[in-house]
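Please open the model in a viewer and keep the selection panel at hand.

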2 protein chains.
Amino acid sequence: MKKIKRAIISVSDKSNLKKILRNLKKFKIKLISSGGTYKEITRLGFNCEKISNYTNTAEILNGRVKTLHPKVHAGILSKRKDKSHIKDLRKNNFNEIDLVIVNFYPFEKNLETSKNHEKIIENIDIGGPTMVRAAAKNYNDVTVITNPQQYDNLINELNKFNGKTSLRFRQEMSENAFGETAFYDSVIANYFTKVTCNEFPKKKLIFGNLVDKLRYGENPHQEAAIYSIKKKLSLNQIGGKKLSYNNYNDIFSALLISKSLPKGKGTVIVKHTNPCGISINNNKIKSYRLALSCDPISAFGGVVSFNFKINESLAKEINKMFLEVVVANGFEKKALKVLKNKKNLRIINANNLNKENIINIKSNFDTFLIQTPDTKVFNKKNFKVVSKVKPSRKILKNLIFAFNISKYVKSNAVVLVKDETTVGIGSGQPSRLDSCKIAIDKMKKFQEINNSNEIVAASDAFFPFVDGLESLIQSGVCAVIQPSGSINDKEIIKFADQTGTILVFSKTRHFNH
Amino acid sequence: MKKIKRAIISVSDKSNLKKILRNLKKFKIKLISSGGTYKEITRLGFNCEKISNYTNTAEILNGRVKTLHPKVHAGILSKRKDKSHIKDLRKNNFNEIDLVIVNFYPFEKNLETSKNHEKIIENIDIGGPTMVRAAAKNYNDVTVITNPQQYDNLINELNKFNGKTSLRFRQEMSENAFGETAFYDSVIANYFTKVTCNEFPKKKLIFGNLVDKLRYGENPHQEAAIYSIKKKLSLNQIGGKKLSYNNYNDIFSALLISKSLPKGKGTVIVKHTNPCGISINNNKIKSYRLALSCDPISAFGGVVSFNFKINESLAKEINKMFLEVVVANGFEKKALKVLKNKKNLRIINANNLNKENIINIKSNFDTFLIQTPDTKVFNKKNFKVVSKVKPSRKILKNLIFAFNISKYVKSNAVVLVKDETTVGIGSGQPSRLDSCKIAIDKMKKFQEINNSNEIVAASDAFFPFVDGLESLIQSGVCAVIQPSGSINDKEIIKFADQTGTILVFSKTRHFNH
């Protein structure tokens, strides 16, 4: 237990200041402060000593140097039971400082609101983090508070222990403090690397704010949590059970595709992070029904994501089957009422989520791979038709749709498409031929194909041999798009021509593991 | 361009100090230093002013407070062109400090070598990071050097610009500096959360050292790099082409399985991050041949990983087919010579890699999910035999092997096993029935099954309906292990009994997406 006699306060975020001051007064804790905090404390009617008075040194450089003084830092850093430390303090006429309440210049907030580099740099706090780090190091004797949200905890602690704090509390606050300073400097470091376009600095920091501890991870014997690089999640849950790890994983997989589709007409259904149905159609119900038709069995218990606002009739259609999660860009009032009839159905508004700031990190053992996201969108300019038969506009549209979808299917990926709707998805196979077969089997199981001149196929990487192409053509595919790059490319073109198949080389690969 | 007149030096890592001092002397730069660095500088025969002399304040608290003084920090932080700053310095008789050479107390190194909490805490540097942060903030006027590896760059800069540094150089060093301070505090924060067993603190920091920039990411239009939380990679490449992003990804997928198998007898083959063959056998060549036999077509161009040392005869066997990467726990000299005959073959020694410190992070948009790794190893004590027919010891051994493998196969996962060798792997499907079919098709394609009483199957999660089980039994599977938990469990047990199938409930789920 450590009695608190003297505190230094320097806060950029002045919320709840009055409340904490009232409690510090109650326990007769002497206050030292500087700059704007000093002004605010006296304005609120509390006694406080100015730092310049305390150190007998003027605040200089427009406030850049205020607290960086031995009297302050010896007061924070001295070990209370170390005789030489006690002697040093006495000799220099320094006092022990037992409590540090500091929060930093709002560097991150400034980043969001300002483009002015000088102003941003000026908001790098030097004195604050130094006091916090010193106090956190010396948590054995000193309490450090870095966030107004911790005031209540401190007040409880002081009341419980009559003006003292427990070691356990001080250690917890110290842990939080180093989290704050590490996070603060990570944001700064990240800003610098962005300014210089250095994606891969020597020291890489990935930083996140805890959004929620989850019930468990992918499996019940794993613990898990979700973090955001922002202050809070861009998703908004408006109904249903708490989201699980696997829910989040599936929701984001679905949204990555949803956000890539033309606005206002796309439906995506995901199960086990893989899409099992995607369609774009101007008619909302049709878009949903078509996506569902690709694999209605897998869709059971899945996540459905719409890149538009859900209306009442669509809500009724959705409720006809069991889904775990519905995601949309908003919900009409009546639609929400219908969906909420299913108590467990998780309802997510993803209107505020955007594709900026995507992190792409893959952890393995004690390493992680980082890459820039695969943002390449394939369009009419990128391809080369290599077969004798040329694609119609409609076929081309479907080929481009299929190829852009293949980016989101785990490799090896083969996607069969009709009318901008997936009709077969083969995913996650070590052999490309197997992915072809899976896609074909799906199509045969769930589709009635009347006109075989309307099915197109996309492959996320090249066909190493003719066999994959052959299996697709045999099952009725009329046009195929693939990156090319195999030593067998010529043979593959030849085979396409022999069978009257349209073959397009995209020259872009979309591996996704 | 900024002329450097005065430098402050405080280094824990004193390597290459003489070289940089010689160059600073050449440009008549005045030196200030403290503690051990001061001693070393004078020992090396260079002039240097003691910090206590410079600030006219004694070093106190056994060195805890040395540089935390306004004279030092105003010297670093003053804007050289700001009239009020110039005035403040003059009034206080402070001087500009143009160069800060500081590296920190070796907190991380101490963590590795010491278990003494007090000693570890004492190694949290307060003064060093403060000077570095101040200099990095004021990079417009001040140069900051945080690592002996940067000395040569500084020397080049000083020589090129006659004792001056360029803004570009100062900005680059500032970027590095904030990377260092963020990393330093992340390691400290991480230590505190480990002490308190707080897996999921409010602010989470993932930190890594750049190991290598890669040619590209999963696809050529993506940039990528690999980082390690350690100073260097635990893998050792001893031959072949440079590793790509996809190589690393596959190698780690393979190693996660390899390291889980009984020591000295396991072979794993991976393609597109999914295993396509796993076997354990005391005979090294047999272990490899059996793993290969599961899907020799997919294995083409794959990654093979052995959890033992490779000898010459195995090396010859390996060379019979095209593989991208060979991983092992060491190589006999003659084996290495054989493998190196294939110039492109990447040869990796994974002997030093261990399963400690596994990070499990999954990034999605601006969020990331963190979970504790799935370390649960299934063994004889965990299961419940629910069928009338009971498994023999051999069948049980194979069931446990199959279930432990299912953990590493992308969900939905179905694994068929015979003689502790996979004979069919169905992975990454939204429907469990489809994963069954894929596994069965593989088996039919590559295996000659003479005795149908030897094939067992594992499913990573429960069967929702009888259909999956039915398809396995029809193809000759005699025993099935699965977690249980479906509302149809009773029906599934009934079906197993009707068909004389062994059914075991593992009660553990192994989702892996």
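Begin with A:Lys203, whose bridge partner in E8(B) is B:Asn209. Strands pair here if DSSP finds at least two bridges between them. The strands (E, at least two residues) and helices (H or I, at least four) are DSSP runs, numbered from the N terminus.

Two conventions apply throughout. This is a predicted model, in which local features need pLDDT of at least 70 and side-chain atom pairs count only at pLDDT 80 or more, while totals for chains, interfaces and linings use all residues. Residues are numbered from 1 along each chain as its sequence is written, with chains lettered from A and ligands numbered from 1 in the order in which they are written.

**The two chains together**

The contact takes 119 residues from chain B and 119 residues from chain A. On the side of chain B, the largest share, 16 residues, comes from helix H10 (residues 167-195) of chain B. By class, this side of chain B has 47 nonpolar, 48 polar and 24 charged residues. In this classification, Ala, Val, Leu, Ile, Met, Phe, Trp, Tyr, Cys and Pro are nonpolar, Asp, Glu, Lys and Arg are charged, and the others, Gly among them, are polar. Of the interface residues of chain B, 100% are also interface residues in chain A, so the copies meet through the same surface.

**The parallel sheet**

Turn to chain A and select its open sheet, in which 5 strands follow the order E4-E3-E2-E5-E6 with parallel pairing. Strand E4 (49-50) and strand E6 (143-145) of chain A stand at the edges with a single partner strand each, so one side of each is left without a neighbour in the sheet. Within the sheet, 4 bridges join E2(A) to strand E3 (residues 30-33) of chain A, and the two run parallel. To locate this pairing, select A:Ile9, whose bridge partner in E3(A) is A:Ser33.

Chain B has an open sheet of 5 strands in the order E4-E3-E2-E5-E6, with parallel pairing. Here, strand E5 (residues 99-103) of chain B pairs with E6(B) in the parallel sense over 3 bridges. Select B:Val100 to find B:Val144 of E6(B) opposite.

**Helices of chain A**

Is helix H4 (residues 70-77) of chain A mostly covered or mostly uncovered? Helix H4 of chain A is mostly covered, with 8 of its 8 residues buried. A residue is buried if 20 or more other C-beta atoms lie within 10 Å of its own, exposed if 12 or fewer, and partly exposed in between, with C-beta atoms placed from the backbone. The buried residues include A:Val72, A:His73 and A:Ile76. They pack against strand E2 (6-11), helix H3 (51-55), helix H5 (83-92), strand E5 (99-103) and H8 of chain A.

Continue to helix H8 (residues 127-137) of chain A, which packs with helix H10 (residues 167-195) of chain A at an angle of about 145°, their axes 9 Å apart. Axes are lines fitted to C-alpha atoms, for helices over the stretch in contact, and angles run from 0 to 180 degrees between N-to-C directions. Among the residues that meet are A:Pro129 and A:Val132 in H8(A), and A:Phe178 and A:Tyr184 in H10(A). The contact has 7 nonpolar, 2 polar and 2 charged residues.

**Backbone details**

Finally, select the peptide bond from A:Ser411 to A:Asn412, which is cis, with omega near -15°. A:Asn412 lies in the loop between helix H16 (393-406) and strand E19 (414-418) of chain A. In chain B, a cis peptide bond joins B:Ser411 and B:Asn412, with omega about -10°.

The last stop is A:Asn16, in the loop between E2 and helix H1 (17-26) of chain A. Phi of A:Asn16 is near 60°, a positive value in a residue other than glycine. A:Asn16 counts as partly exposed, with 14 C-beta neighbours inside 10 Å.

Note on methods
Two residues are in contact if their C-beta atoms, placed from the backbone, lie within 7 Å.
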